[in-house]
Amino acid sequence: MKGKLGVLVACFGLLGSGAGLVAHHSFSTEYDGAKTFKLKGAVSKVEWTNPHVRFYVDVVDQGGKVTTWNMEIASPSALARNGWTSRTLKVGDQVSVEGYAAKVAPNRGNVRSVITADGRSLFAGAADDNAPGGAPQ
Amino acid sequence: MRKLLIVAALVAVTAPLVAQQGGRGRGNQPPLGPVGALGQEVASRVPPPTGPAPRLPDGTIDLNGVWNGGGPVNSIAQGLPKGETLPLLPKSKEIMADRATRETDDPHLWCMPMGVPRSTPYPFRFVQNYTHKAPTHMFIVHEGNIHSFRQIFMDGRKHPAELDPTWFGHSIGWFDNKDTLVIDTVGFNDKFWFDRQGTPHTEQLHTIERWTRVNEGTLRNEVTIDDPGAFSRPFTVTFNARLAAPGDEIMEYICQENNQYGIAGGHKNPFGN
């Protein structure tokens, strides 16, 4: 009972949280700054590609059904400038992912945080508009 | 109470994987912090050097280096002197009002070029070609968007009388008093947007860029925009580029490779591919 009430309260909190967002241009047309997700699963594919690196996470629900999430992160060049390589995330890695869900398409996310099973936190960026090499003028 | 339980159960059923976080964000930020694909944010770096700008052996300003910034992002009007506004013709205001309703049509989101003077936030560098006698071309190598180059003729030629419109136009350039690289460009198409606001231009666009390395780490770009088809008078915007951290180089950015823009938000590609 307490848990369900908590879900409801969280839902109301959510409704209020999107107001007045100043969102990144392409972000706000694709993702909902108020619709967050948090899930765990195994990395099933990594696409080290432009304009965005993507990794795919297989999430297994309680009934054993597998849903694959398509996770968008930055460009390869921006990630490389932040110390990533194409081998940072590997197929089979168990990850806990937080982010914002897509506005329309199901099971797509814009990622804010990836934590691996061995406790590595893969993001530690400062808040800049999406500048690969620094704050744009 | 029963109703409450039903609503709560509905929420739980409709979002089994999406554990909503609830809580409000800080200030204007959404609950998980700044938006945008994470990792585009670059951890703080050493500030760019502020020593005197280097010069080539003949005294000409040395533009070497990888540069970030130097152009508009959100609005080209941000480069105007304080208090000024863009001298938009009524027709241009109408175009902007229309584009505000379809911001997802911004060409660069679909891997089309950003035109001139928009290249931020992608790094770029100048590459000069010359004979044993004199410079022949200057190229601006852009990491994005898209991974491309501009060609500037430095051999003293003039613009052709008639040009077919292109994304980067026809550019001629020269050094002004060895301190400033001047690039004069005509022959643009009218397809690219100056910024996220959809500030428009026409094929009559004529840009004059003045690139000055004001110190070792800062490159100033003063751009005069003259387009009688879109603005009531010429105006000048100024943007600064910052020298990239030592060791940083232009990297590959093939936007067309795996562009899934539009799927998450349900938007159609206005270019139809």
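Here is a short exchange about a predicted model.

Colleague: How are residues, chains and ligands labelled, and what limits apply to this predicted model?
Modeller: Residues are numbered from 1 along each chain as its sequence is written, while chains are lettered from A and ligands numbered from 1 in the order in which they are written. In this predicted model local features need pLDDT of at least 70, side-chain atom pairs count only at pLDDT 80 or more, and totals for chains, interfaces and linings use all residues.

Colleague: In what order do the elements of chain A run from the N terminus?
Modeller: Helices (H or I, at least four residues) and strands (E, at least two) are DSSP runs, numbered from the N terminus. Chain A has three helices and five strands. Their order is α-α-β-β-β-α-β-β.

Colleague: In what order do the five strands of chain A close into a barrel?
Modeller: Two strands pair if DSSP finds at least two bridges between them. The pairing in this barrel is mixed. The order is E1-E2-E3-E5-E4.

Colleague: What does the twist average from one strand to the next?
Modeller: Axes are lines fitted to C-alpha atoms, for helices over the stretch in contact, and angles run from 0 to 180 degrees between N-to-C directions. The average twist is 55°.

Colleague: Which residue of E2(A) is the bridge partner of A:Lys45?
Modeller: Strands E1 (residues 31–47) and E2 (residues 54–60) of chain A are joined by five bridges. They run antiparallel. The partner of A:Lys45 is A:Tyr56.

Colleague: Which residue in E3(B) stands opposite B:Gln128?
Modeller: In chain B, E2 (residues 124–130) and E3 (residues 135–142) pair in the antiparallel sense over seven bridges. A hairpin of four residues joins E2(B) to E3(B). Opposite B:Gln128 stands B:Met138.

Colleague: Is B:Ile183 buried or exposed?
Modeller: A residue is buried if 20 or more other C-beta atoms, placed from the backbone, lie within 10 Å of its own, exposed if 12 or fewer, and partly exposed in between. B:Ile183 lies in strand E6 (residues 180–186) of chain B. It has 24 other C-beta atoms within 10 Å, so B:Ile183 is buried.

Colleague: Over which residues of chain B does pLDDT stay under 50?
Modeller: pLDDT is the predictor's confidence in each residue, from 0 to 100. Chain B averages 87, and 83% of its residues score at least 70. Where pLDDT is low, the predicted coordinates should not be read in detail. The stretch under 50 is residues 1–28.

Definitions and conventions
Two residues are in contact if their C-beta atoms, placed from the backbone, lie within 7 Å.
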